[in-house]
Amino acid sequence: MSEKLQLTLAKMEAGQTGTVVQVLGGHGLIRRLEALGIRPGKKVTKISSMLFRGPVTLRTNHTQVAIGFGMANKILVEIDTPA
Amino acid sequence: MMKILLMGNPNVGKSVLFSRLTGTRTIASNYPGTTVGFTKGYLKLGETQAEVVDVPGTYTLEPTSKAEEVAAEMLKDGDLIIDVVDATNLERNLNLTLQLLEGQLPVIVVLNMWDDAHHRGINIDVTKLEELLGVPVVPTVGITGQGIKDLVSRLPEATAPQTTCASSDERWTKIGDIVSQVQSLSHRHHTWREVLEDASSHPAGGVAIALLVLAATFFVIRFIGEGIINYVTDPLFNWLWTPLLMKLSLFLGSAGFWHDILVGKLINGDIDYLQSMGLLSTGIYIEFGVVIPYIVSFYLMLGILEDIGYLPRLAVLMDTFMHRIGLHGYAIIPTILGLGCNVPAVMATRILESRRQRFIAATLISIGVPCAALQAMIIGLVGAQGTQYVALVYGSLFISWVVIGLILNYAVKGFSPELMVEIPPYRLPPWRVIGEKLWLRVSSFIKEALPIVLGAVLVVNIFYMLGVFDFIANIAAPVMSGLLGLPKETVVPLAVGFLRKDIAVGMLAPLALTAKQLVISSTVLAMFFPCMATFAILARELGARDMLKATGIMIAAALIMGGLQNLIL
């Protein structure tokens, strides 16, 4: 019924899990993220972010990936509601 | 001859498999982007020989960095592809696999890190995967060699199904389909390494761990280096080499041309390893008695950090700062390699995406990152005057590195993309693997450095006899004494620094410099000009024009820093 909460990866809290909805970027960015396994439909868990708009670390499948803050801000995630 | 390409995502263990297949040793580490060039080796296949190429890792055939371009290029002239897949990461790896299956070349798939997948509760149905992909699939454990025989015997079965996918979306759908059919996950508990992995990605925990790791690393490098010098090399030189050289000296009549070339000048009737300047005295001593102990301890620690998988985590921590100097966090890896030797460090800048980043990183490495050989000599010679003077040299280099980085970030056109990197899991490398890598690096150091060191000592001796140096010294006198406050003879070691920096620092010893002069001359020597080998690699990686630009920056920076030190100290 109600819309689920959507946040960019940059705004997520460490420990939150969600499903990637959309990558708000150009073709190049979409492809690079895709190559690392980050694309719409994937479950991602944010592990941490560094201070001062530093890189965001996340886990998808069994891989940890670190991406810059700007890119993280372009990845829209639908947050899982805690069970 | 048949050409076999080892391809796959970064950090899936291609280099380890390569060593297993060909017996050719290569440097393998636990971070994406260890291999930036390509290494060739040979494999006996029945009666014939096949060439095996260790291709840099790539996520797709649409390259995003120089190293990935190399990979895509290689594809043009191969005959067979061994596609190495990380079994713990099937889905992501299959993207490249499917792209390869769409091509013309026959493919065989290797499921590497099979043991690790098992530990992580990942089960893969190999027969089913073979059926779905249409090519042979062989599970392996590169580090132990499990499955390698099987791989070699099944190479002839490799085929090219030449499947087609209309779009990358269609490819991902297909991958999802395959994974759901072949992979099943079983539950397991968090392991110690996952706890550590999460702690070192946490901002505060990460900084604490980084400080601890770096402090421990410096301490251990110093401890082992000094230990080797005090308990191994110095006793060997004192009890074995010196008596032998003294016999030779007597035999040659204690003076004369050959005596001066081989043994060098006797100081008060004795050999002084830092002043005699003979091939067999100073030449051998500087390499084996001062530099190699530190080379051993540095590369031991570097190897451990690389194989555990710590370096990419350091890259994440350093990212915000590195952006200030026009780079991103991953540039810390070439920089750390530079503390060993600038040549592989400049090569490693290929892991950076843009030309601008590569120029900045390579220039900064050449200016502010002293190699292990140079550091060993600085610690030995400047350290004898007091640790605070060594700190002054390192401090000056670090300040130059930062300031020049800030300036280059402002001045160099182009863009620096953001960090995007896979963080490998922590692994506990077996000691045998660490030992083999250390031996590979130390022995190639000896092979590459020793001839140049001995050549440099020879040239220096001959130039002294011919009086060439007096001539140069007189020309350079205004800069040397006027700007830097150094005796004009110091220009000779600076010039020799072009050949090798360790021997150049060694040549400062007989000049009876004050502590301040030693600090200035070793700082200038470190920054001034890259050694010949680095110079060649800079030209190759940056192109002649950018290399000249970088060199101009180095010379200017060295003179400014040296001049400032002369004013302030």
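The legends below describe close-up views of a predicted model. Local features require pLDDT of at least 70 and side-chain atom pairs pLDDT 80 or more, while totals for chains, interfaces and linings use all residues. Residues are numbered from 1 along each chain as its sequence is written, and chains are lettered from A and ligands numbered from 1 in the order in which they are written.

**View 1. The contact between chain A and chain B**. Chain A contributes 25 residues and chain B 28 residues, two residues being in contact if their C-beta atoms, placed from the backbone, lie within 7 Å. On the side of chain A that touches chain B, at least two residues each come from α1 (27–35), β3 (43–49), β5 (63–67) and α2 (69–72). Helices (H or I, at least four residues) and strands (E, at least two) are DSSP runs, numbered from the N terminus. The most is given by β5(A), with five residues. By class, this side of chain A holds 11 nonpolar, 10 polar and four charged residues; Ala, Val, Leu, Ile, Met, Phe, Trp, Tyr, Cys and Pro count as nonpolar, Asp, Glu, Lys and Arg as charged, and the others, Gly among them, as polar.

**View 2. Strand pairing between β5(A) and β9(B)**. Strand β9 of chain B (residues 420–423) runs antiparallel to β5(A) and is joined to it by four bridges; pairing requires that DSSP finds at least two bridges between two strands. B:Ile423 is the bridge partner of A:Gln64.

**View 3. Helix α1(A) and its surroundings**. The buried residues of this helix are A:Arg32, A:Leu33, A:Glu34 and A:Ala35, where buried means that 20 or more other C-beta atoms lie within 10 Å of a residue's own, exposed 12 or fewer, and partly exposed in between. They pack against β2 of chain A and against α3 (90–101), α7 (168–182) and β9 of chain B. Just after α1(A), A:Gly37 has a positive phi of about 90°.

**View 4. A:Gly25 in the loop between β2 (17–23) and α1 of chain A**. A:Gly25 counts as partly exposed because it has 16 C-beta neighbours inside 10 Å. Leaving aside residues up to four places away in sequence, A:Gly25 touches A:Ile30 and A:Lys74. A:Lys74 is 49 residues from A:Gly25 in sequence, with 6.4 Å from C-alpha to C-alpha.

**View 5. Packing of helices α15(B) and α23(B)**. Helix α15 (residues 355–368) and helix α23 (residues 532–542) pack at an angle of about 175°, with axes 11 Å apart. This angle makes α15(B) roughly antiparallel to α23(B), a term for angles over 145 degrees. B:Arg358, B:Phe359, B:Ala362 and B:Ser366 meet B:Thr534, B:Leu538, B:Glu541 and B:Leu542.

Notes:
Axes fitted to C-alpha atoms, helices over the stretch in contact; angles between N-to-C directions. Parallel < 35°, antiparallel > 145°, perpendicular 65-115°, else oblique.
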